[in-house]
Amino acid sequence: MRIRTYAIAVTVAVSATAGPILAPPASAAVPKAFASDFDGDGFADLAVGVPDGAVDGKAKAGYVDIVWGGAKGLGTRGDTRITQARPGIPGTPEKGDRFGAAVSVADVNGDGRADVVIGVPGEDIDGVGADAGTVSVLYGVHGGLGTGATVLNGPASSAAYGKSLLAADFTGDGTTDVAIGATDKVVLKQGGGPATTVFTGAMGGRAPVLAAGDFDGSDDGVPDLATGYWSTAPFTQSHVRLWSWSPEEKSLANFWNTDNAGVSALAAGDFDGDGHDDLALGECREIADENIDDPCGPEELAEGGGIHIHYGAGIPWNFGYRQQTLNQDTAGVRGVAEAADHFGAALVAADVDGDGRDDLIAGAPGEAIGSRAQAGAATLLLGGPTGLVDARGEARSVAYQQNTPGVPGAAEAGDAFGAAVATGDYDHDGATDIAVGSPGENTGSGGVWVLPAASPDGSSVFTPAKLGLPSPSSALKYGGTLTSD
């Protein structure tokens with residue numbers, strides 16, 4: 001079964017003095033709520049993390065931009081900019097806070113409206129130290145967004161809590177928890193309970209990659225945690241690990257590993273429709289050779305970035321026994337595998353074509369379009385009876401880039417189209433829409449492209465300038481961090 005991710009239930013009191021941050025008037029009132037419906041109007045919304053944005057003159061203080069869905073699509077009803085200057089939001093804007101470095105969708109308080117969980121890895125904590133980091137939650141309310149609360153502060157200088165985030169009920173107790181990526185560790189903050197260290201390991205300054213799915217085959221509806229990290233200093237190590245909740249140990253227990261596999265992204269989905277969650281490893285490459293045969297599949301399929309899939313099997317010890325690997329040289333995948341394409345650097349899974357099997361959207365922000373280096377592209381890989389690759393070793397795909405007919409703009413060097421990808425039914429027409437971030441657009445100002453029903457037809461783009469955000473010509477890298485429904 002597919003696991004939808006939600007965030008931690010916190011017990012910290014919130015400010016009662018600040019009024020709601022109101023969204024524009026709803027273009028239609030519909031009863032169904034989406035995981036990313038922050039204002040409860042029935043349309044999926046999109047949270048865009050902008051950690052490089054300046055706030056009140058403070059460089060890289062950061063903000064989160066909520067772009068509202070509506071009957072005419074994402075971005076047609078404007079946006080709401082959230083900063084730490086907002087009353088009721090924990091903290092104050094400071095240089096280098098990087099508020100919005102990680103953003104997760106969550107129904108924290110169980111009211112049927114999505115809330116926003118936000119990582120602030122550069123936050124200085126009084127009495128603790130510089131860059132201890134913090135994680136905050138901003139509550140959705142009817143008609144907009146309300147006040148916020150602190151989820152967890154980093155315990156020491158440079159701990160950088162909030163580099164990455166993932167929320168789900170990992171303990172199976174009916175409350176939601178959050179896995180927090182920090183400097184060289186992952187921490188689990190239990191809903192209303194303690195924080196425990198999941199693991200520690202050298203990560204080369206990178207944020208650990210996180211995903212959730214029912215990988216242990218228990219089919220109990222309790223998600224497991226997938227983690228990926230790699231580093232070449234002070235020594236070479238890389239791992240993708242799966243963790244499930246152990247009631248006896250009251251912690252997450254490691255039950256599956258693949259070593260020497262460095263990844264840039266992870267995504268869980270049932271790509272073959274057998275009822276068991278599978279795990280896709282994005283831009284998988286072998287970091288070290290320790291006599292482990294091809295942890296990312298055939299070496300030739302790592303060119304330009306390979307996607308390696310471990311398929312669920314219904315029992316923990318057989319997870320990943322069946323595997324597939326593909327890249328842009330795989331038959332049926334659009335494009336050509338070239339060095340530095342970074343194919344799979346961003347991943348999101350959803351049943352885009354409605355056939356009951358999940359599909360995979362893969363970003364390739366380094367893709368060259370003609371002579372335009374790092375213009376970027378995104379590819380929709382369709383699931384089937386045998387997964388993302390059929391019995392003949394072929395895939396089915398649809399490719400998107402700014403030179404695709406119907407897609408606004410033009411492919412330019414450094415656009416990094418595909419650096420982030422997300423999905424949601426932003427216009428509530430029953431079809432899955434795709435959002436693609438292009439943080440290098442307009443010399444680093446950035447933008448987000450929306451493909452309704454995964455089609456270039458009727459596609460649109462919104463940029464900081466179009467939304468009226470401050471300093472639209474500066475290097476905001478807008479679109480580099482997106483949430484997904």
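This is a predicted model: local features need pLDDT of at least 70, side-chain atom pairs count only at pLDDT 80 or more; totals for chains, interfaces and linings use all residues.
The protein averages a pLDDT of 89, and 92% of the residues score at least 70.

Now turn to the rings. A pair of aromatic rings is described by the distance of the centres and the angle of the planes. Searching the whole structure gives 6 aromatic pairs. One of them joins Phe199 and Trp243, which are stacked, with 5.5 Å from centre to centre and 5° between the planes. Phe199 belongs to strand S12 (residues 195–200) and Trp243 to strand S15 (residues 237–246), so this pair ties together parts that lie 44 residues apart in sequence. Is Phe199 buried or exposed? Phe199 has a relative accessibility of 5%, so it counts as buried. Trp243, with a relative accessible area of 6%, is buried too.

A pair with another geometry is formed by Trp256 and Phe319: the ring centres are 5.1 Å apart and the planes meet at 85°, so the pair is edge-to-face. Here Trp256 comes from strand S16 (residues 251–259), while Phe319 sits in the loop between strand S20 (306–310) and strand S21 (323–326); the pair therefore ties together parts 63 residues apart in sequence. Both Trp256 and Phe319 are buried.

Ring pairs link Phe199, Tyr229 and Trp243 into a cluster. Arg241 lies over the face of Phe199, at 5.6 Å from the ring centre. Elsewhere, Arg81 lies over the face of Tyr63, at 4.6 Å from the ring centre.

Next come the nonpolar cores. The largest has 21 residues, and those with the most contacts inside it are Leu46, Tyr426, Phe462 and Tyr478. Strands S2 (46–50), S3 (63–67), S26 (420–424) and S28 (448–451) are the elements that give two or more residues to this core, and S2 gives the most, with 3 residues. Take Phe462 as a guide: leaving aside neighbours within four places in sequence, its contacts include Leu46, Val67, Leu74, Val448, Val450, Leu467 and Tyr478. A second, separate core has 19 residues, among them Phe343, Leu347, Leu360 and Leu381.

Finally, look at the backbone itself. A cis peptide bond, with omega at about 5°, joins Ala233 and Pro234, and Pro234 is placed in the loop between S14 and S15. Ser158 is not a glycine, yet has a positive phi of about 65°; Ser158 sits in the loop between strand S8 (144–153) and strand S9 (164–168) and counts as partly exposed at 45% relative accessibility. Asn260, also a residue other than glycine, has a positive phi near 65°. Asn260 is in the loop between S16 and strand S17 (261–262), and at 3% relative accessibility Asn260 counts as buried.

Definitions and conventions:
Residues are numbered from 1 along each chain as its sequence is written. Side-chain values use heavy atoms; hydrogens and water are left out. Rings of Phe, Tyr and Trp (its six-membered ring) pair if their centres lie within 6.5 Å; planes under 30 degrees apart count as stacked, over 60 as edge-to-face and the rest as tilted. Helices (H or I, at least four residues) and strands (E, at least two) are DSSP runs, numbered from the N terminus. Buried means under 20% relative accessible area, exposed over 50%, partly exposed in between (1.4 Å probe, protein chains only). A charge sits over a ring if NZ of Lys or CZ of Arg is within 6 Å of the ring centre and within 35 degrees of the ring normal. A nonpolar core is a set of buried Ala, Val, Leu, Ile, Met, Phe, Trp, Tyr and Cys residues joined through side-chain atoms within 4.5 Å. Contact means heavy atoms within 4.5 Å. pLDDT is the predictor's confidence in each residue, from 0 to 100.
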